[in-house]
Amino acid sequence: MKLNEVLKNIQPLKVIGDAEVEVTGVNIDSRRIQNGHLFIAMKGTQVDGHKFISKAIELGAKSILCEDLPKEIVEGVTYIQVESTEDAVGKAATIFYGDPTKKLKLVGVTGTNGKTTIATLLYNMFRKFGHKVGLLSTVCNYIDGEAIAADHTTPDPIELNELLSKMVAAGCEYAFMECSSHAIHQKRIGGLKFVGGLFTNLTRDHLDYHKTFENYRDAKKAFFDGLPKDAFAITNADDKNGMIMVQNTKATVKTYSIRAMADFRARIIECHFEGMYLDIDNHEVGVQFIGKFNVSNLLAVYGAAIMLGKKPEDILLILSTLNSVSGRLEPIHSPEGYTAVVDYAHTPDALENVLNAIHEVLNGKGNVITVCGAGGNRDKGKRPLMAQEAVKQSDKVIITSDNPRFEEPQDIINDMLAGLNATQMKKVLTIVDRKEAIRTACMLANKGDVILVAGKGHEDYQEIKGVKHHFDDKEVLHDIFDVDK
């Protein structure tokens, strides 16, 4: 593809060299440059790609997209100066990979909690409808049935467009995608065409990056602001930010609620650990999920499927067959008669939702023991809030290590403990070793009790000092219970 074709949706400030040069690939990582590639110099949060322009040229880059032109202009290399490479990268990648979202129906899911569950359930549902489908999620990316490992909630724009183009090549008709606040703010989804967007909820998270809750909210809102007129926007009417998200969108707005009037409504008829019996828009259906927050998730899935043209009775039939996502309120029953629940909850709100769901099922007939921690090098402000939430709804809390990253685990635990008073501390144990913390919780549990192991969910590693060590909460529990993994 010619360079000027790749740049057709970009307004350069300056072009030095041949705009007709052939582009064989597009990259933001200089280490992956091959002969004929276009290197895009990004001013990232950690590293400035402009420092690697000469390295990219050494490896074969024949064109450079940058904000600041280098002092040395190399003969035979084309330089394109733009105001923002962050804004340009998605547009360039979209064109290079054949504008894949014009050839399939892409639906984005954003919010603090529930993104993975909703996107994955839509992927599974539409495959059961008989379609070829793609999925871009925190847990794993899929090109129809082919799994592609996921390193971020939303990949960078180049990887994203490459994956979407592979979905098109594989015959996918739909793709469902988690859209993180980072990805929206960093314009990683720039250039993509969405046929629909869903909003789950908004609570404190990622303030280490966004600095204020308002910035975080506005990053999410920008996704809906950018939806086209022919798209749909489905929002959670039960969340106080639900209508703020869609107040400036051009898309058709629909709402869902378990508490108020909305386009899509549901209520719980019956609940137990194996699932719930629901009324969804005056249709009764049994589902393999628990918790009010999962009723909201299922309503979002139901609403999206309706907006994508499926019939309510067909949607509910498939909904009744779907299983919960790995590491999301996943129960593991012990031989001694207590239940362990593994969940990804790593924000105060998510912890509250999961504990509420457990209490809804227990109905006062059993104790709750919570094992939780907080990630290192992330929003420190939520640490005491998480400890408070765990103590408020648990009979015993064991605070332990999560992904400490480059922090000392005990320092993170101390930050959590700072949110508790002397009375609350009587409920709390601290055990840095996560495996020992889980083992201790199992020793404390009696028949009918529930252990919540929160924070890691589907993850199978502990990140310590920049190294990922194998660790899986579910494996630890299976070993303790001495049952098949």
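The following legends describe close-up views of a predicted model.

**View 1. The largest nonpolar core of the structure has 39 residues.** The residues with the most contacts inside this core are Met-125, Phe-126, Phe-176, Leu-198, Leu-278, Ile-280 and Leu-319. Helix H10 (residues 292-307) supplies the largest share of the core, eight residues. Another core, of 31 residues, lies apart from it and includes Val-397, Ile-399, Ile-412 and Val-428. Among the residues that Leu-278 touches are Ile-269, Val-285, Val-295 and Leu-298.

**View 2. Leu-362 is a buried residue of helix H12 (residues 348-362).** Its relative accessible area is 7%, which is under 20%, and therefore Leu-362 counts as buried. Leu-362 touches Asn-367, Val-368, Gly-448 and Val-450, not counting residues up to four places away in sequence. Cys-271 is 91 residues from Leu-362 in sequence, and the two are 9.6 Å apart in space, C-alpha to C-alpha.

**View 3. Phe-194 and Phe-223 form one of ten aromatic pairs in the whole structure.** The ring centres are 5.0 Å apart and the planes stand at 90°, so the pair is edge-to-face. Phe-194 lies in the loop between helix H6 (181-185) and strand E11 (196-199), whereas Phe-223 lies in helix H8 (residues 213-225). Phe-194 is buried, at 5% relative accessibility, and Phe-223 is buried as well, at 4%.

**View 4. Tyr-338 and Phe-481 form an edge-to-face aromatic pair.** The rings are 5.6 Å apart, centre to centre, with 75° between the planes. The pair links distant parts of the chain, 143 residues apart.

**View 5. Phe-126, Phe-129, Tyr-174 and Phe-176 form one aromatic cluster.** Lys-310 lies over the face of Phe-129, at 4.8 Å from the ring centre.

How values were computed:
Residues are numbered from 1 along each chain as its sequence is written. This is a predicted model: local features need pLDDT of at least 70, side-chain atom pairs count only at pLDDT 80 or more; totals for chains, interfaces and linings use all residues. Side-chain values use heavy atoms; hydrogens and water are left out. A nonpolar core is a set of buried Ala, Val, Leu, Ile, Met, Phe, Trp, Tyr and Cys residues joined through side-chain atoms within 4.5 Å. Buried means under 20% relative accessible area, exposed over 50%, partly exposed in between (1.4 Å probe, protein chains only). Helices (H or I, at least four residues) and strands (E, at least two) are DSSP runs, numbered from the N terminus. Contact means heavy atoms within 4.5 Å. Rings of Phe, Tyr and Trp (its six-membered ring) pair if their centres lie within 6.5 Å; planes under 30 degrees apart count as stacked, over 60 as edge-to-face and the rest as tilted. A charge sits over a ring if NZ of Lys or CZ of Arg is within 6 Å of the ring centre and within 35 degrees of the ring normal.
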